[in-house]
Amino acid sequence: MQVGYMRVSSADDRQTVDLQRDALVAAGVDPRHLHTDKASGARDDRPGLKACLDYLDAGDTLIVWKLDRLGRSLPHLLTIVTDLKARGIAFRSLTEAMDTTTSHGELLFSLFGALAQYERALTRERVMAGLAAAKRRGRQGGRPPMIDPETLERITAALDGGASKASVCRTFKVPRSTLLGTLARTGWAAPTKS
């Protein structure tokens with residue numbers, strides 16, 4: 001069975017799925033097997049897509065008018081199509097002429113996978129280079145510390161003097177989880193009782 005999925009980004013009436021519907025029906029999809037969303041392609045919680053993917057069975061074919069109707073990012077598209085393939089479901093995109101039941105479609109899918117992997121590697125490389133450049137300039141990445149060094153010094157002095165963690169949290173108005181995480185990162189250990 002052929003099942004179609006259509007999506008427009010805007011929930012208002014300016015965008016319609018008419019063009020997509022006409023193309024899918026012309027490709028042989030029964031209008032009763034069309035699923036629609038009016039949501040951004042970047043959203044993962046699209047009810048129409050979820051219903052469509054749940055409706056598909058092994059031997060079926062999911063057809064979209066264009067790849068970007070299924071998802072905006074290449075990794076997201078690949079995740080969906082890989083899941084379909086594992087379930088024995090074929091995939092077709094009419095505009096890009098991609099059909100995973102053909103050798104040409106399999107090649108295109110493999111190329112998309114390689115491009116997505118390359119894109120992830122480039123992104124990681126850029127992030128690491130940016131962090132290294134910031135470190136050379138004396139900046140440290142990550143979230144800023146929740147407890148400034150002076151307050152931390154007063155807290156550890158109080159704890160070393162025998163104050164409980166609960167009383168320190170109340171006195172310095174610090175959440176317990178923040179205190180415990182900060183103490184663990186700084187390597188503070190409770191004084192041993194003799």
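Mentor: The structure, which is a predicted model, holds 1 cavity of 30 Å³ or more. Let us take your questions from there.

Trainee: What volume does the largest cavity have, and which element gives the largest share of its lining?

Mentor: The volume of the largest cavity is about 40 Å³. Its lining is made up of Leu67, Leu77, Leu78, Val81, Phe91, Met98, Phe109 and Phe112, and the elements that give two or more residues to this lining are α4 and α5. The largest share, 3 residues, comes from α4.

Trainee: How many nonpolar, polar and charged residues are in the lining of the largest cavity, and how many in that of the largest pocket?

Mentor: For the largest cavity, the lining has 8 nonpolar residues, with no polar and no charged ones. The largest pocket, with a volume of about 180 Å³, is lined by Gln140, Gly141, Gly142, Arg143, Pro144, Pro145, Met146, Ile147, Thr182, Arg185 and Thr186. Sorted by class, the lining of this pocket has 4 nonpolar, 5 polar and 2 charged residues.

Trainee: Is leucine 70 buried or exposed, and which residues is it in contact with beyond its neighbours within four places in sequence?

Mentor: Leucine 70 lies in helix α3, and its relative accessibility is 0%, which is under the 20% cut-off, so leucine 70 counts as buried. Leaving aside neighbours within four places in sequence, leucine 70 is in contact with Tyr5, Arg46, Leu49, Leu62, Val64, His76, Leu77, Ile80, Val81 and Phe91.

Trainee: Why do the buried residues of α2 line one face of the helix?

Mentor: The buried residues in α2 are Gly48, Leu49, Cys52 and Leu53. On the other side of α2, Pro47, Lys50 and Asp54 are exposed, while the buried residues pack against β1, β2 (34–38), β3, α3 and α4. Seen down the axis of α2, the buried residues line one face because they fall within an arc of 130 degrees.

Trainee: Where is alanine 97 placed, and is it buried or exposed?

Mentor: Alanine 97 has a phi near 55 degrees, a positive value in a residue other than glycine. The place of alanine 97 is in the loop between β4 (90–93) and β5 (98–99). Since the cut-off for exposure is over 50% and alanine 97 has 51% relative accessibility, alanine 97 counts as exposed.

Trainee: In which loop is lysine 173 found, and is it buried or exposed?

Mentor: Lysine 173 is not a glycine, although it has a positive phi of about 50 degrees. Lysine 173 is found in the loop between α7 (165–172) and α8 (176–186). With 72% relative accessibility, lysine 173 counts as exposed.

Note on methods: Residues are numbered from 1 along each chain as its sequence is written. This is a predicted model: local features need pLDDT of at least 70, side-chain atom pairs count only at pLDDT 80 or more; totals for chains, interfaces and linings use all residues. Side-chain values use heavy atoms; hydrogens and water are left out. On a 1 Å grid over the protein atoms alone, a cavity is a set of points where a 1.4 Å probe fits but cannot get out, and a pocket is an open set with protein on both sides within 12 Å along at least five of seven lines; lining residues have an atom within 4 Å of a point. Grid points are joined across faces, edges and corners, and a volume is the space filled by probe spheres set on the points. Ala, Val, Leu, Ile, Met, Phe, Trp, Tyr, Cys and Pro count as nonpolar, Asp, Glu, Lys and Arg as charged, and the others, Gly among them, as polar. Buried means under 20% relative accessible area, exposed over 50%, partly exposed in between (1.4 Å probe, protein chains only). Helices (H or I, at least four residues) and strands (E, at least two) are DSSP runs, numbered from the N terminus. The arc is that of the directions from the helix axis to the C-beta atoms. Contact means heavy atoms within 4.5 Å.
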